[in-house]
Amino acid sequence: MTFDPVSAGWKQRHGQGPFTQLVGPVWAKREAEGSAYGFLAEERHTNSRGVVHGGMLMTFVDHGLGWIVWDLVEHRACATVSLNTQFVAAVKPGDWVELRGRLVRQTRSLIFIQATVTVAERTVLVADGIWKILGAG
């Protein structure tokens with residue numbers, strides 16, 4: 001059975017740019033610890049081996065962490081400086097993929113953040129990144 005994000009309390013993320021619309025939709029859910037993001041892996045997201053392409057997962061992480069950072073800095077403009085990813089397990093079409101982030105450190109102009117990406121509570125990717133708050137020095 002295909003996962004239904006709406007019945008599970010997820011809402012489609014609005015304000016998605018053209019590239020995100022191309023690979024999405026991406027879904028959002030408010031939780032006690034902050035926002036979580038998700039997407040339903042589809043055949044169009046796969047590589048030649050039939051699993052979700054690493055570039056798709058990295059795109060999802062860049063967007064998800066970017067939105068978390070955006071909230072942390074009260075909607076000030078930011079840009080990804082660095083994004084490191086470690087692929088732990090494969091994602092298949094039909095998988096519901098979720099991302100949760102954790103702030104590591106914030107300075108006047110930089111945000112250090114980590115992400116865990118899961119499928120059914122199984123970790124499939126971990127990442128850490130740095131975002132620059134634009135205009136902050």
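The points below are grouped by topic.

The structure is a predicted model. The largest nonpolar core has 30 residues, and the aromatic pairs number four.

**The largest pocket**

- The lining of the largest pocket consists of R30, E31, E33, G34, S35, I68, D71, L72, R100, G101, R102 and L103.
- At least two lining residues come from each of strand 2 (27-31), strand 3 (34-40), helix 2 (54-72) and strand 5 (96-106).
- Strand 5 contributes the most to this lining, with four residues.

- The largest share, four residues, belongs to helix 2.
- Seven residues of the lining are polar, six are nonpolar and two are charged.

**Aromatic rings**

- A pair of aromatic rings is described by the distance of the centres and the angle of the planes.
- There are four aromatic pairs in the model.
- Y37 and W67 form a tilted pair, because their ring centres are 5.1 Å apart and their planes stand at 45 degrees.
- Since Y37 belongs to strand 3 and W67 to helix 2, this pair ties together parts that are 30 residues apart in sequence.
- Both Y37 and W67 are buried.
- F3, W10 and W96 are linked into a cluster by ring pairs.

**The nonpolar core**

- In soluble globular proteins, nonpolar side chains tend to be buried together.
- Within the largest nonpolar core, which has 30 residues, those with the most contacts are Y37, F60, V61, V91, V97, L99 and V117.
- Two or more residues of this core come from each of strand 3, helix 2, strand 5, strand 6 (110-119) and strand 7 (122-133).
- Helix 2 gives the most to this core, namely eight residues.
- Apart from its neighbours within four places in sequence, V97 is in contact with Y37, G38, F39, A41, F60, V91, V117, T118 and V119.

Methods: Residues numbered from 1 in each chain as written. Predicted model: local features only at pLDDT ≥ 70, side-chain atom pairs only at ≥ 80, totals over all residues. Heavy atoms only, no water. 1 Å grid on protein atoms, 1.4 Å probe; cavity = no way out; pocket = protein on both sides within 12 Å on 5 of 7 lines; lining within 4 Å. Nonpolar A, V, L, I, M, F, W, Y, C, P; charged D, E, K, R; others polar. Phe/Tyr/Trp six-rings, centres within 6.5 Å; stacked < 30°, edge-to-face > 60°. Buried < 20%, exposed > 50% of the residue type's maximum accessible area, 1.4 Å probe, protein only. Core = buried A, V, L, I, M, F, W, Y, C linked by side-chain atoms within 4.5 Å. Contact = heavy atoms within 4.5 Å.
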